Amino acid sequence: MITLKLNKFISILNMNYVKLLKADDGLEKLLMFLDIFISRNLIIKIDNYPDYDISQYRRSEITEYYFRNKWNFKYLFDKVINCKILTSKIFHIDSLIDSSLIKGNSDDDLEQWLNEIDYHSPEFFAENGTNLNEIDDFKVYEIRLLHIDNNEKDIIYEGSFLGNNDNIDTLDYGVFSKLKVDAINNFFELFYYEVLAEAYLLFTSKNYKLAFFVCFSALESFINTELGAYEENKLEKGKQKRLNEKLKKLFKLKLTTLEKHKIYTSIINDLALYIKTRNTIAHGTKPIEVTETFTKRFLIFTCTILIIYQNQIVTFQQLFENCKIITGKKIFL
């Protein structure tokens with residue numbers, strides 16, 4: 001079996017390219033710049049409607065209720081990769097109206113405006129509202145995330161509270177949780193963005209060989225789309241150019257001095273091995289192991305190619321600054 005490792009790659013690399021490959025969140029920062037990957041805080045209203053198969057309804061009597069409910073994200077994300085609760089609070093709508101931070105009086109507005117406030121003042125949520133255990137006749141216990149259902153676009157959670165029927169389906173106050181969410185965007189104008197997003201999802205699920213293969217399809221789709229090769233191939237049957245030649249042609253159409261492009265000249269030599277690996281997988285002539293490191297490197301390569309083509313980014317310093325990649329050391333041009 002063939003195992004692809006970095007030490008069998010190009011022996012001499014641009015030091016800034018090495019920094020990009022080794023950056024902890026370098027791949028995610030590149031995907032964020034392309035609007036494929038999203039990492040953000042999100043405030044959601046917790047539905048504490050009890051599960052009456054577990055908790056008996058006792059009207060006005062103070063008792064403990066268990067709830068297991070969900071929050072739908074279909075209008076925000078295509079897939080959620082990671083999600084965790086940062087903190088939870090109880091907010092009353094009057095406290096925001098009195099401080100002129102919110103307009104209207106519906107619970108939907110409260111969730112919306114808490115997110116708007118959090119965008120401008122991230123510390124607001126933690127510093128305001130009421131802690132879950134501060135109200136004598138309404139105490140909310142730990143809220144836990146159970147799982148993510150990416151088919152139905154739901155975040156499933158559970159928890160319990162001490163209270164009565166007045167604390168169920170409340171209109172003027174509610175329990176809210178601030179989440180840290182890593183997700184995939186739910187809209188792409190270009191098809192190869194969608195394919196690249198799928199490759200990253202496969203990578204996060206540790207399906208490295210398929211992730212590599214799909215990422216290659218994304219790169220090929222990008223080159224063909226931007227070069228107009230679909231129409232070109234109809235006219236030149238059996239005379240399709242090699243992928244590396246087409247990529248070079250594409251960049252030369254946009255950059256007159258390609259040989260002076262710091263990033264392109266530093267990473268382009270990797271393409272030959274990626275093409276060879278893709279052909280080995282596609283032909284199935286011999287077994288091949290595609291490692292996590294190798295696949296991540298190819299994803300970084302593909303993202304970088306898209307970014308430098310679509311933007312006037314020539315040096316690694318420009319790439320690091322625009323994508324907000326922290327390397328930990330001085331950047332050499």
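Which residues does Leu196 touch, not counting residues up to four places away in sequence? Keep that in mind while you get your bearings; the tour comes back to Leu196 at the end.

**Start with confidence.** This is a predicted model, so colour the chain by pLDDT before anything else. The average for the protein chain is 87, and 87% of the residues score at least 70. Now select residues 6-11, where pLDDT stays under 50. The model has 10 contacts beyond four places in sequence for this stretch. Where pLDDT is low, the predicted coordinates should not be read in detail.

**Move to the open sheet.** Show β2, β8 and β4 as a cartoon. These 3 strands form an open sheet in the order β2-β8-β4, and their pairing is antiparallel. β2 (37-46) and β4 (77-92) are the edge strands; each has a single partner strand, so one side of each has no neighbour in the sheet. From one strand to the next, the twist averages 20°.

Zoom in on β4 and strand β8 (residues 173-185), which pair in the antiparallel sense over 13 bridges. For one of the bridge partners, pick Val80 and look across to Ala183 in β8.

**Stay on β8 and select Gly174.** Show its surroundings: leaving aside residues up to four places away in sequence, Gly174 touches Lys45, Lys89, Ile90 and Phe91. Then draw a distance to Asn48. Gly174 and Asn48 are 126 residues apart along the chain, yet their C-alpha atoms are separated by 8.9 Å.

Select helix α6 (residues 191-204), which lies across β2, β4 and β8 and runs at about 75° to β4. Next, take helix α7 (residues 208-227) and draw a line between its end C-alpha atoms. At 1.5 Å a residue, its 20 residues should span 28 Å, and the end C-alpha atoms are 28 Å apart, which agrees.

**Finish in the core.** The largest nonpolar core has 66 residues, and Leu196, Phe222, Phe301 and Ile305 touch the most other members. Here is the answer to the opening question: beyond four places in sequence, Leu196 touches Leu31, Leu34, Ile36, Cys215, Ala218, Leu299, Thr302, Cys303 and Leu306. Apart from this core lies another, of 25 residues, including Ile155, Phe161, Val175 and Val181.

Key: Residues are numbered from 1 along each chain as its sequence is written. This is a predicted model: local features need pLDDT of at least 70, side-chain atom pairs count only at pLDDT 80 or more; totals for chains, interfaces and linings use all residues. Side-chain values use heavy atoms; hydrogens and water are left out. pLDDT is the predictor's confidence in each residue, from 0 to 100. Contact means heavy atoms within 4.5 Å. Helices (H or I, at least four residues) and strands (E, at least two) are DSSP runs, numbered from the N terminus. The expected span of a helix is 1.5 Å times one less than its number of residues. Two strands pair if DSSP finds at least two bridges between them. Axes are lines fitted to C-alpha atoms, for helices over the stretch in contact, and angles run from 0 to 180 degrees between N-to-C directions. A nonpolar core is a set of buried Ala, Val, Leu, Ile, Met, Phe, Trp, Tyr and Cys residues joined through side-chain atoms within 4.5 Å. Buried means under 20% relative accessible area, exposed over 50%, partly exposed in between (1.4 Å probe, protein chains only).
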